[in-house]
Amino acid sequence: MTRSLHSIAQLSPQDLRELLSQSLKNLSSDQIRASSVSALQSRTVSLLFYENSTRTRLSFESAIRALGGIPQSLAISHSSVQKGETLSDTALNLLALGACGFILRHPSPGASRQLTDALKDYPVPVINAGDGYHAHPTQALLDAATLLHHWGLSAEVDLPLRGKTILILGDIRHSRVARSNLELLPRLGAQVLISGPGSLLPSVRELTEFPSIKSVSFPDQMLCEVDAVMVLRLQVERQETGFIPSQSEYRHFWGLTRDRAQLLKNDALILHPGPANPGVEIDPEVMASSQSKILDQVKIGIATRKAVLAWAWGGIA
Ligand code: CP
(Lines give C-alpha, C1' and ligand atoms only; values in the text may rest on other atoms or scores of the structure.)
Protein backbone atom coordinates (compact mmCIF):
# COMPACT_ATOMS: atom_id res chain seq x y z
CA MET A 1 0.00 0.00 0.00
CA THR A 2 1.30 3.48 -0.85
CA ARG A 3 0.16 6.72 0.80
CA SER A 4 0.45 10.43 0.11
CA LEU A 5 1.17 13.06 2.75
CA HIS A 6 -0.54 16.41 2.28
CA SER A 7 -1.12 17.68 5.81
CA ILE A 8 -0.83 16.82 9.50
CA ALA A 9 -4.64 16.81 9.78
CA GLN A 10 -4.92 13.69 7.61
CA LEU A 11 -2.69 11.65 9.96
CA SER A 12 -4.30 9.34 12.50
CA PRO A 13 -2.94 9.11 16.06
CA GLN A 14 -1.38 5.78 15.02
CA ASP A 15 0.30 7.40 11.98
CA LEU A 16 1.71 10.19 14.17
CA ARG A 17 3.03 7.72 16.71
CA GLU A 18 4.64 5.59 13.99
CA LEU A 19 6.20 8.50 12.13
CA LEU A 20 7.65 10.14 15.23
CA SER A 21 8.83 6.86 16.78
CA GLN A 22 10.51 5.86 13.53
CA SER A 23 12.14 9.31 13.23
CA LEU A 24 13.68 8.87 16.68
CA LYS A 25 14.76 5.29 15.90
CA ASN A 26 16.36 6.46 12.65
CA LEU A 27 18.36 8.99 14.68
CA SER A 28 19.85 6.35 16.90
CA SER A 29 20.46 3.80 14.17
CA ASP A 30 21.20 3.72 10.50
CA GLN A 31 19.45 0.37 10.31
CA ILE A 32 16.21 0.64 8.40
CA ARG A 33 13.86 -2.31 8.34
CA ALA A 34 14.44 -4.51 5.32
CA SER A 35 10.85 -4.00 4.17
CA SER A 36 11.36 -0.26 4.18
CA VAL A 37 14.59 -0.50 2.21
CA SER A 38 13.05 -2.75 -0.41
CA ALA A 39 10.12 -0.35 -0.77
CA LEU A 40 12.40 2.13 -2.57
CA GLN A 41 15.21 -0.16 -3.73
CA SER A 42 16.51 1.14 -7.08
CA ARG A 43 13.28 3.08 -7.67
CA THR A 44 13.25 6.68 -8.82
CA VAL A 45 11.52 9.36 -6.76
CA SER A 46 11.04 12.71 -8.50
CA LEU A 47 11.57 15.93 -6.59
CA LEU A 48 9.52 18.75 -8.08
CA PHE A 49 10.51 21.99 -6.39
CA TYR A 50 8.70 24.98 -7.90
CA GLU A 51 10.07 27.10 -5.05
CA ASN A 52 13.63 27.29 -3.79
CA SER A 53 14.83 24.98 -1.05
CA THR A 54 18.05 23.88 0.58
CA ARG A 55 17.13 21.82 3.66
CA THR A 56 13.97 20.08 2.48
CA ARG A 57 15.19 19.11 -0.98
CA LEU A 58 18.63 17.90 0.08
CA SER A 59 17.36 16.01 3.14
CA PHE A 60 14.73 14.26 1.01
CA GLU A 61 17.47 13.36 -1.48
CA SER A 62 19.60 11.91 1.34
CA ALA A 63 16.63 10.04 2.77
CA ILE A 64 15.69 8.54 -0.62
CA ARG A 65 19.29 7.36 -1.11
CA ALA A 66 19.39 5.93 2.42
CA LEU A 67 16.31 3.84 1.58
CA GLY A 68 17.92 2.50 -1.58
CA GLY A 69 16.05 4.78 -3.97
CA ILE A 70 17.25 7.18 -6.66
CA PRO A 71 16.36 10.87 -6.18
CA GLN A 72 15.66 12.72 -9.43
CA SER A 73 15.41 16.50 -8.98
CA LEU A 74 13.85 18.33 -11.90
CA ALA A 75 15.49 21.71 -12.43
CA ILE A 76 12.23 23.62 -12.84
CA SER A 77 13.89 26.76 -14.21
CA HIS A 78 15.49 24.72 -17.02
CA SER A 79 12.52 22.45 -17.66
CA SER A 80 9.52 22.60 -19.97
CA VAL A 81 7.56 24.15 -17.10
CA GLN A 82 9.08 27.35 -18.53
CA LYS A 83 7.24 26.62 -21.81
CA GLY A 84 3.95 26.36 -19.93
CA GLU A 85 3.76 22.62 -19.20
CA THR A 86 1.29 22.02 -16.39
CA LEU A 87 2.09 20.34 -13.09
CA SER A 88 0.01 17.28 -13.92
CA ASP A 89 1.50 16.91 -17.42
CA THR A 90 4.98 17.28 -15.98
CA ALA A 91 4.23 14.57 -13.42
CA LEU A 92 2.69 12.23 -16.01
CA ASN A 93 5.79 12.56 -18.17
CA LEU A 94 8.06 11.85 -15.19
CA LEU A 95 5.99 8.73 -14.45
CA ALA A 96 6.53 7.68 -18.07
CA LEU A 97 10.25 8.20 -17.49
CA GLY A 98 10.17 5.81 -14.53
CA ALA A 99 9.32 7.83 -11.41
CA CYS A 100 7.43 5.97 -8.67
CA GLY A 101 6.25 9.07 -6.79
CA PHE A 102 6.80 12.73 -6.07
CA ILE A 103 8.13 15.10 -3.48
CA LEU A 104 6.42 18.40 -4.34
CA ARG A 105 7.08 21.97 -3.26
CA HIS A 106 4.81 24.50 -4.93
CA PRO A 107 3.71 28.08 -4.25
CA SER A 108 0.03 27.17 -4.61
CA PRO A 109 -1.80 26.09 -1.42
CA GLY A 110 -3.33 22.67 -2.05
CA ALA A 111 -1.00 21.80 -4.95
CA SER A 112 0.04 18.39 -3.57
CA ARG A 113 -3.56 17.26 -3.10
CA GLN A 114 -4.41 18.55 -6.57
CA LEU A 115 -1.56 16.49 -8.00
CA THR A 116 -2.81 13.37 -6.21
CA ASP A 117 -6.28 14.02 -7.67
CA ALA A 118 -4.81 14.51 -11.14
CA LEU A 119 -2.92 11.21 -10.81
CA LYS A 120 -5.91 9.21 -9.53
CA ASP A 121 -5.28 6.49 -12.13
CA TYR A 122 -1.68 6.13 -10.89
CA PRO A 123 -1.50 5.14 -7.21
CA VAL A 124 1.83 6.81 -6.50
CA PRO A 125 2.68 8.81 -3.36
CA VAL A 126 2.83 12.58 -3.44
CA ILE A 127 4.62 14.08 -0.43
CA ASN A 128 3.94 17.72 0.32
CA ALA A 129 7.27 19.50 0.81
CA GLY A 130 5.53 22.87 1.30
CA ASP A 131 2.54 24.30 -0.57
CA GLY A 132 2.30 28.07 -0.38
CA TYR A 133 1.23 29.24 3.07
CA HIS A 134 -0.86 26.08 3.59
CA ALA A 135 1.25 23.24 5.01
CA HIS A 136 4.74 21.82 5.49
CA PRO A 137 3.96 18.57 7.29
CA THR A 138 7.44 17.04 7.20
CA GLN A 139 8.87 20.21 8.79
CA ALA A 140 6.37 20.02 11.65
CA LEU A 141 7.15 16.33 12.14
CA LEU A 142 10.88 17.01 12.28
CA ASP A 143 10.28 19.93 14.68
CA ALA A 144 8.35 17.63 17.01
CA ALA A 145 11.02 14.92 16.65
CA THR A 146 13.66 17.52 17.60
CA LEU A 147 11.76 18.48 20.75
CA LEU A 148 11.13 14.84 21.73
CA HIS A 149 14.78 13.97 21.11
CA HIS A 150 16.18 16.84 23.17
CA TRP A 151 13.73 16.31 25.99
CA GLY A 152 14.32 12.54 26.00
CA LEU A 153 10.62 11.86 25.51
CA SER A 154 9.07 8.81 23.87
CA ALA A 155 6.71 9.15 20.94
CA GLU A 156 5.06 5.87 21.90
CA VAL A 157 2.93 7.40 24.67
CA ASP A 158 -0.24 9.49 24.38
CA LEU A 159 0.35 13.25 24.51
CA PRO A 160 4.16 13.04 24.74
CA LEU A 161 4.51 16.85 24.96
CA ARG A 162 1.98 17.24 27.80
CA GLY A 163 3.23 19.85 30.27
CA LYS A 164 5.39 21.64 27.69
CA THR A 165 4.68 25.19 26.53
CA ILE A 166 5.89 26.23 23.09
CA LEU A 167 5.83 29.77 21.73
CA ILE A 168 5.64 30.26 17.94
CA LEU A 169 7.00 33.72 17.26
CA GLY A 170 6.82 35.97 14.23
CA ASP A 171 5.29 35.88 10.77
CA ILE A 172 2.61 33.26 11.37
CA ARG A 173 0.24 34.59 8.73
CA HIS A 174 2.50 33.56 5.84
CA SER A 175 3.97 30.46 7.45
CA ARG A 176 3.10 26.94 6.32
CA VAL A 177 5.50 25.73 9.04
CA ALA A 178 3.39 27.48 11.69
CA ARG A 179 0.12 26.08 10.31
CA SER A 180 1.44 22.52 10.35
CA ASN A 181 2.82 23.00 13.86
CA LEU A 182 -0.46 24.53 15.06
CA GLU A 183 -2.08 21.29 13.89
CA LEU A 184 0.57 18.98 15.30
CA LEU A 185 1.88 20.28 18.63
CA PRO A 186 -1.50 20.47 20.45
CA ARG A 187 -2.24 16.90 19.29
CA LEU A 188 0.96 15.87 21.09
CA GLY A 189 -0.26 17.59 24.27
CA ALA A 190 1.74 20.84 24.12
CA GLN A 191 0.30 24.21 25.12
CA VAL A 192 1.01 26.43 22.10
CA LEU A 193 1.25 30.22 22.24
CA ILE A 194 1.64 32.52 19.26
CA SER A 195 3.01 36.04 19.14
CA GLY A 196 3.69 38.46 16.33
CA PRO A 197 2.52 41.76 14.87
CA GLY A 198 -1.26 41.78 14.49
CA SER A 199 -0.82 42.14 10.73
CA LEU A 200 1.22 38.92 10.63
CA LEU A 201 -1.11 36.75 12.72
CA PRO A 202 -3.74 34.48 11.16
CA SER A 203 -7.19 36.00 10.88
CA VAL A 204 -9.60 35.63 13.81
CA ARG A 205 -11.66 33.31 11.61
CA GLU A 206 -8.67 31.07 10.92
CA LEU A 207 -7.72 31.02 14.60
CA THR A 208 -11.11 29.50 15.44
CA GLU A 209 -9.76 26.35 13.73
CA PHE A 210 -7.15 26.16 16.53
CA PRO A 211 -9.22 26.68 19.70
CA SER A 212 -6.46 25.67 22.14
CA ILE A 213 -3.93 28.21 20.81
CA LYS A 214 -3.38 31.33 22.92
CA SER A 215 -2.24 34.57 21.31
CA VAL A 216 0.00 36.98 23.27
CA SER A 217 0.61 40.52 22.08
CA PHE A 218 4.30 40.75 22.86
CA PRO A 219 6.66 37.85 23.56
CA ASP A 220 8.59 39.37 26.50
CA GLN A 221 5.96 38.54 29.11
CA MET A 222 5.92 34.84 28.13
CA LEU A 223 9.55 34.08 27.33
CA CYS A 224 10.44 33.25 30.95
CA GLU A 225 7.69 30.60 31.03
CA VAL A 226 8.08 28.69 27.78
CA ASP A 227 9.97 25.43 27.27
CA ALA A 228 10.73 26.18 23.63
CA VAL A 229 10.43 29.07 21.25
CA MET A 230 10.03 28.49 17.53
CA VAL A 231 11.11 31.61 15.66
CA LEU A 232 9.73 32.03 12.14
CA ARG A 233 11.33 33.70 9.16
CA LEU A 234 9.91 37.05 8.17
CA GLN A 235 8.62 36.00 4.73
CA VAL A 236 9.41 39.10 2.76
CA GLU A 237 8.60 37.36 -0.54
CA ARG A 238 4.97 36.63 0.49
CA GLN A 239 4.20 40.11 1.78
CA GLU A 240 2.47 42.93 0.12
CA THR A 241 3.71 46.25 1.42
CA GLY A 242 2.50 47.54 4.76
CA PHE A 243 2.51 44.49 7.04
CA ILE A 244 5.26 45.97 9.19
CA PRO A 245 6.59 49.52 9.38
CA SER A 246 10.21 48.36 9.01
CA GLN A 247 12.44 45.37 9.65
CA SER A 248 14.23 47.23 12.46
CA GLU A 249 10.91 47.83 14.26
CA TYR A 250 9.99 44.20 13.74
CA ARG A 251 13.28 43.17 15.35
CA HIS A 252 12.75 45.64 18.19
CA PHE A 253 9.33 44.28 19.18
CA TRP A 254 9.30 40.64 18.01
CA GLY A 255 12.86 39.58 17.16
CA LEU A 256 14.58 37.02 19.38
CA THR A 257 17.41 39.42 20.10
CA ARG A 258 20.33 38.60 22.37
CA ASP A 259 18.68 40.62 25.18
CA ARG A 260 15.29 39.01 24.70
CA ALA A 261 16.82 35.50 24.63
CA GLN A 262 18.21 36.22 28.14
CA LEU A 263 14.60 36.12 29.37
CA LEU A 264 14.32 32.43 28.45
CA LYS A 265 14.80 29.66 31.00
CA ASN A 266 18.33 28.25 30.82
CA ASP A 267 17.06 24.96 29.42
CA ALA A 268 14.52 26.37 26.99
CA LEU A 269 15.11 25.30 23.39
CA ILE A 270 15.28 27.64 20.41
CA LEU A 271 14.07 26.39 17.02
CA HIS A 272 13.91 28.01 13.58
CA PRO A 273 12.90 26.11 10.43
CA GLY A 274 15.33 28.08 8.28
CA PRO A 275 16.35 29.88 6.25
CA ALA A 276 16.79 32.66 8.78
CA ASN A 277 17.17 36.40 8.37
CA PRO A 278 19.92 36.91 10.99
CA GLY A 279 19.52 40.26 12.68
CA VAL A 280 15.84 40.49 11.79
CA GLU A 281 13.74 37.79 13.49
CA ILE A 282 16.69 36.27 15.38
CA ASP A 283 20.14 37.54 16.30
CA PRO A 284 23.16 35.62 14.96
CA GLU A 285 24.48 35.13 18.54
CA VAL A 286 21.18 33.50 19.50
CA MET A 287 21.33 31.18 16.47
CA ALA A 288 24.81 30.10 17.58
CA SER A 289 23.93 29.69 21.27
CA SER A 290 23.90 26.33 23.06
CA GLN A 291 20.11 26.60 23.45
CA SER A 292 19.65 26.81 19.70
CA LYS A 293 18.78 23.47 18.05
CA ILE A 294 18.48 24.93 14.57
CA LEU A 295 21.16 22.77 12.96
CA ASP A 296 19.90 19.71 14.85
CA GLN A 297 16.52 20.31 13.19
CA VAL A 298 18.27 20.04 9.83
CA LYS A 299 20.00 16.76 10.77
CA ILE A 300 16.83 15.32 12.27
CA GLY A 301 15.08 16.25 9.03
CA ILE A 302 16.83 13.35 7.29
CA ALA A 303 15.69 10.89 9.97
CA THR A 304 12.12 12.17 9.79
CA ARG A 305 11.99 12.13 6.00
CA LYS A 306 13.27 8.56 5.97
CA ALA A 307 10.35 7.72 8.25
CA VAL A 308 7.90 9.55 5.98
CA LEU A 309 9.20 7.81 2.85
CA ALA A 310 9.02 4.38 4.48
CA TRP A 311 5.46 5.17 5.64
CA ALA A 312 4.45 6.37 2.17
CA TRP A 313 6.03 3.53 0.26
CA GLY A 314 4.85 0.55 2.21
CA GLY A 315 4.42 1.39 5.84
CA ILE A 316 6.59 1.24 8.88
CA ALA A 317 4.70 -1.30 10.98
N1 CP B 1 12.68 24.75 6.37
C2 CP B 1 12.68 24.68 5.03
O3 CP B 1 11.68 24.30 4.41
O4 CP B 1 13.85 25.07 4.45
P5 CP B 1 14.13 25.07 2.89
O6 CP B 1 13.24 26.12 2.27
O7 CP B 1 15.60 25.37 2.73
O8 CP B 1 13.77 23.71 2.36
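What follows is a set of questions and answers on the structure.

User: What should I know about the numbering and the model?
Analyst: This is a predicted model, in which local features need pLDDT of at least 70 and side-chain atom pairs count only at pLDDT 80 or more, while totals for chains, interfaces and linings use all residues. Residues are numbered from 1 along each chain as its sequence is written, and side-chain values use heavy atoms, with hydrogens and water left out.

User: How many residues does the contact take from domain 1 and from domain 2?
Analyst: The protein is divided into domain 1 (8–136 + 301–312) and domain 2 (137–297), with bounds from an automatic or database domain assignment. Their C-alpha centres lie 25 Å apart. Counting contact as heavy atoms within 4.5 Å, the contact takes 32 residues from domain 1 and 30 residues from domain 2.

User: Which residues are the closest to the centre of the largest pocket?
Analyst: A pocket is an open set of points on a 1 Å grid over the protein atoms alone, where a 1.4 Å probe fits, with protein on both sides within 12 Å along at least five of seven lines; lining residues have an atom within 4 Å of a point. Each of domain 1 and domain 2 gives at least three residues to the lining of the largest pocket. Of the 20 lining residues, the closest to the centre are Arg 105, Arg 176, Arg 233, Gly 274 and Pro 275.

User: Which helices each supply at least two residues of that lining?
Analyst: Helices here are DSSP runs (H or I, at least four residues), and strands are runs of E (at least two), numbered from the N terminus. The helices in question are α3 (55–66) and α7 (176–187).

User: Where is Ser 180, and what is its relative accessible area?
Analyst: Ser 180 sits in helix α7. Leaving aside neighbours within four places in sequence, Ser 180 is in contact with Ile 8, Ala 135, His 136, Pro 137 and Ala 140. Buried means under 20% relative accessible area (1.4 Å probe, protein chains only), and Ser 180 is buried at 0%.

User: Is Asp 171 buried or exposed?
Analyst: Asp 171 is found in the loop between β5 (165–169) and α7. Its relative accessibility is 0%, so Asp 171 counts as buried.

User: Which elements are included in what covers the buried residues of α5?
Analyst: In helix α5 (residues 111–118), Ala 111, Ser 112 and Leu 115 are buried. Seen down the axis of α5, they fall within an arc of 100°, so they line one face of the helix; the arc is that of the directions from the helix axis to the C-beta atoms. What covers them includes α4 (87–96), β3 (99–106) and β4 (126–131).

Technical notes. Buried < 20%, exposed > 50% of the residue type's maximum accessible area, 1.4 Å probe, protein only.
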